[in-house]
Amino acid sequence: MQTLNGRTALVTGAAGGIGRELVGALLRAGANVVAADVAEARLEELAQSIAREKLGEGLSTRHLDISDQHSCAASVAAVQARFGTLDILINNGALGMGAIRDDHMTKLVAIEEITPEMWDRFVAVNFSGAWYLTRAAVPAMKRAGWGRVITVTTSFFTMLRGGFHPYGPVKAGLEAMAAGHAKEFDGTGVTVNVIVPGGPADTPMVPASSGLRRTDLIPPVQMTYPLMWLCSSDADGVTGRRYIAARWDAAASVPDARRASEAPIGWPDLATAPVWPGGAPKA
Ligand SMILES: NC(=O)c1ccc[n+]([C@@H]2O[C@H](COP(=O)([O-])OP(=O)(O)OC[C@H]3O[C@@H](n4cnc5c(N)ncnc54)[C@H](O)[C@@H]3O)[C@@H](O)[C@H]2O)c1
């Protein structure tokens with residue numbers, strides 16, 4: 001594993017099940033990590049557990065509600081001021097369906113149960129938050145000619161599932177945003193990629209009431225394998241790709257792990273032939 005010494009990463013949802021694994025892996029590789037979350041008590045627990053592991057030197061924690069555009073811009077500015085750079089943005093923070101009802105997995109959620117306020121909250125946290133941070137972080141990455149935006153979406157099954165709103169369609173929007181940003185930033189040195197667990201992962205987002213055996217769930221550490229490779233300079237120029245973490249075999253060679261795990265972001269095969277006056281536009 002290449003060292004990330006001198007790189008600085010901002011991880012949202014850092015106090016959650018997947019976020020804390022990502023933070024630990026980035027610290028082990030030598031990065032400075034700003035662990036951001038809305039949950040202050042769990043951020044404090046994360047800092048204590050990182051200190052117990054003696055990984056604490058590069059860690060700072062930051063209270064951040066990613067649905068607040070001003071806090072997002074201020075957080076990026078604060079990271080850049082403190083470390084001189086923000087090289088890696090990991091859009092991982094999200095609300096799960098547990099925000100509506102704990103037993104949503106065994107009893108799907110009906111439209112009548114979702115208030116317009118709840119709908120707006122999901123859009124703000126699970127969609128707009130990533131855009132606010134990307135907008136704030138990317139200009140300096142472009143000037144530096146190097147950057148990583150890595151966004152955690154979800155399985156296509158979940159995006160299209162009935163009774164899984166707002167989470168599913170909002171994550172589909174996030175997936176489309178990442179695809180568009182990958183194209184927009186192509187050639188600047190800033191890459192944009194998506195990682196998904198590939199199924200239910202063993203984190204608080206999958207509640208005890210799900211009826212699923214915890215040992216059958218995807219271990220959150222699995223997310224670190226494609227992530228750490230994407231953060232390395234070996235992945236320079238790799239953009240617009242989507243990784244199913246459960247299919248990334250950490251014991252395999254990187255080319256073999258990529259073959260099993262990697263595809264383009266989104267649904268590009270459906271996006272090729274619009275009816276367009278005067279001929280198809282450039283992709
Ligand atoms: N667990 C799964 O089965 C699963 C499957 C597919 C995708 N994902 C995605 O993985 C990512 C990580 O989720 P997880 O499984 O670790 O869940 P988690 O609930 O353990 O972590 C999510 C974190 O996001 C934080 N968060 C919520 N609202 C926020 C806000 N407004 N501002 C900042 N942070 C906020 C929470 O406090 C929490 O720490 C999410 O994007 C999730 O959608 C999870």
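A residue is taken as buried if 20 or more other C-beta atoms lie within 10 Å of its own, as exposed if 12 or fewer do, and as partly exposed in between. In this predicted model, R247 has 16 C-beta neighbours inside 10 Å and therefore counts as partly exposed. R247 is found in the loop between strand β7 (241-244) and helix α8 (254-261), and, when residues up to four places away in sequence are not counted, R247 touches G198, A260 and S261. The C-alpha atoms of R247 and F83 are separated by 34 Å, the two residues being 164 residues apart along the chain.

Two further loop positions can be described by the criterion of burial given above. T115, which lies in the loop between β4 (88-91) and α4 (116-144), is exposed, because 10 other C-beta atoms are found within 10 Å. Between T115 and D236 there are 121 residues of separation in sequence, and the distance in space, C-alpha to C-alpha, is 43 Å. K54, placed in the loop between α2 and β3, is likewise exposed, since it has 7 other C-beta atoms within 10 Å.

Just after α2, the backbone at K54 takes a positive phi of about 60 degrees, although K54 is not a glycine.

Helix α3, which spans residues 69-83, can be treated in a similar manner. At 1.5 Å a residue its 15 residues should span 21 Å, and its end C-alpha atoms are 21 Å apart, which agrees. C72, S75, V76 and V79 are the buried residues of α3, and, because they fall within an arc of 95 degrees when seen down the helix axis, they line one face of α3. On the other side of this helix, H70 and A81 are exposed. The elements that cover the buried residues of α3 include β1 (8-12), β2, β3 and α4. Just after α3, G84 takes a positive phi of about 85 degrees.

Most residues other than glycine have a negative phi, and most peptide bonds are trans. A cis peptide bond, with omega near 0 degrees, leads from H165 to P166 in this model. P166 has its place in the loop between α5 (156-160) and α6 (167-185).

In soluble globular proteins, nonpolar side chains tend to be buried together. In the present model, the largest nonpolar core has 78 residues, and those with the most contacts inside this core are V11, L26, V33 and A35. The largest share of the core, 10 residues, comes from α4. When its neighbours within four places in sequence are left aside, L26 is in contact with L4, A9, A31 and V33.

How values were computed. Residues are numbered from 1 along each chain as its sequence is written. This is a predicted model: local features need pLDDT of at least 70, side-chain atom pairs count only at pLDDT 80 or more; totals for chains, interfaces and linings use all residues. Helices (H or I, at least four residues) and strands (E, at least two) are DSSP runs, numbered from the N terminus. A nonpolar core is a set of buried Ala, Val, Leu, Ile, Met, Phe, Trp, Tyr and Cys residues joined through C-beta atoms within 7 Å. Two residues are in contact if their C-beta atoms, placed from the backbone, lie within 7 Å. The expected span of a helix is 1.5 Å times one less than its number of residues. The arc is that of the directions from the helix axis to the C-beta atoms.
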